[in-house]
Amino acid sequence: MSARMLVIALALSAASISPAVADGRSDHVDCASTVRKSSVSACRRLLARGGLTERERFMTTFNLGWSQYRAGAHRDAVAAFDDAERLDPGYANLYLSRALVRQDMGADEQALGDLDRYVKLDPDNWNGYYRRALSQRHLGAARRAITDVDRALKLNPFARELAPLRVLLLNETGDADRAADAADKIVTERPNDAVASYVRAAVLFRRHDLDAAQSDLSAALQSSPLFSAAHALQGEIGEARGKPEAARASYLRALQVGGPDIDAAPARDRARKRLAALDQSPTAEASVRPSRHVARATDDPPANKPSSSIDCRRYVPSARMTISVPCK
């Protein structure tokens, strides 16, 4: 065979196999990334193609679960993680991953089971205790959640999610003084932090100090205009003041996606329910029902009288109260 014919034969041979090889490599890359639109189909093709080692099959199945989760297919993601568990029941991140999906689905009891297994397999990772605290909170076990938050803080005192969550949990247990002290501390440490202002507003709202709560919410929304939980709480303040139209506007803003994640999903759920109630009785003063994460303002005796129309108000953090001051 001449040299020219050999080159042509090699080129034809390469052309006949390179697409399959390229496709295989591309599928491995797409499946491992888990964030691409092609990730789910790439993982499925790898599993269907076969020839994987036991470890490769496990990781491909695990990646399929994450790809489906990120694509919004929560039930398919759980099924994939179930398959991965059968291949390797000792992989800690599998249980954390499945718990995240179940938390998003609102299946917190099942998520707790996964998180119990996760912290047993990886007891030195703060994220397991943090995530377990979230599920415990959703199920109304605030005191148990505080215990897990404290464990997480010991492992990672710099995690910014933990201190605000602890304030909200203290608030929900009715420990008003400790909640207020912790909230003031966070705002002092993070003066321009939207989450810090929001959690103190939640504490003040429970104490029926609506002016001070609104002041903190205004600061939070100035820093983060798409803060769903802050908008929803502002809507509750509007209802407490007998201003249904202002409340409706805040609830509509709460439905926007963006801003901090803290209390975002329950806040949007709360906003939808309150909008439906306001639409049913648009001229009536809507009652303020407690949200999932923010205690009702009227649960406790009012600590301060509502401000009048003839004076101005100022919140004094050290005294945790609102005082009258001359209007400028």
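**Close-up 1. Lining of the second largest pocket in the predicted model.** Helix 10 gives the largest share of this lining, four residues. Helix 9 (162–173) and helix 10 (176–189) are the elements that give two or more residues to the lining; helices are DSSP runs of H or I, at least four residues, numbered from the N terminus. The lining consists of P157, F158, A159, R160, A163, R166, V167, A182, K185, I186, E189 and R190. By class, seven are nonpolar, none polar and five charged (nonpolar: Ala, Val, Leu, Ile, Met, Phe, Trp, Tyr, Cys and Pro; charged: Asp, Glu, Lys and Arg; polar: the others, Gly among them). A pocket is an open set of points on a 1 Å grid over the protein atoms alone, where a 1.4 Å probe fits, with protein on both sides within 12 Å along at least five of seven lines; lining residues have an atom within 4 Å of a point.

Close-up 2. N156 lies in the loop between helix 8 (142–155) and helix 9. The residue is buried, at 18% relative accessible area (buried: under 20%, 1.4 Å probe, protein chains only). Leaving aside residues up to four places away in sequence, N156 touches W126 and L162 (contact: heavy atoms within 4.5 Å).

**Close-up 3. The disulfide of C31 and C43.** The sulfur atoms of C31 and C43 are 2.0 Å apart and form a disulfide (cysteine sulfur atoms within 2.5 Å). C31 belongs to helix 1 (residues 3–33) and C43 to helix 2 (residues 39–49), twelve residues apart. The link is right-handed, with 100° about the S-S bond. Both C31 and C43 are buried.

**Notes.** Residues are numbered from 1 along each chain as its sequence is written, and side-chain values use heavy atoms, without hydrogens and water. In this predicted model, local features need pLDDT of at least 70 and side-chain atom pairs count only at pLDDT 80 or more, while totals for chains, interfaces and linings use all residues.

Terms used:
Buried < 20%, exposed > 50% of the residue type's maximum accessible area, 1.4 Å probe, protein only.
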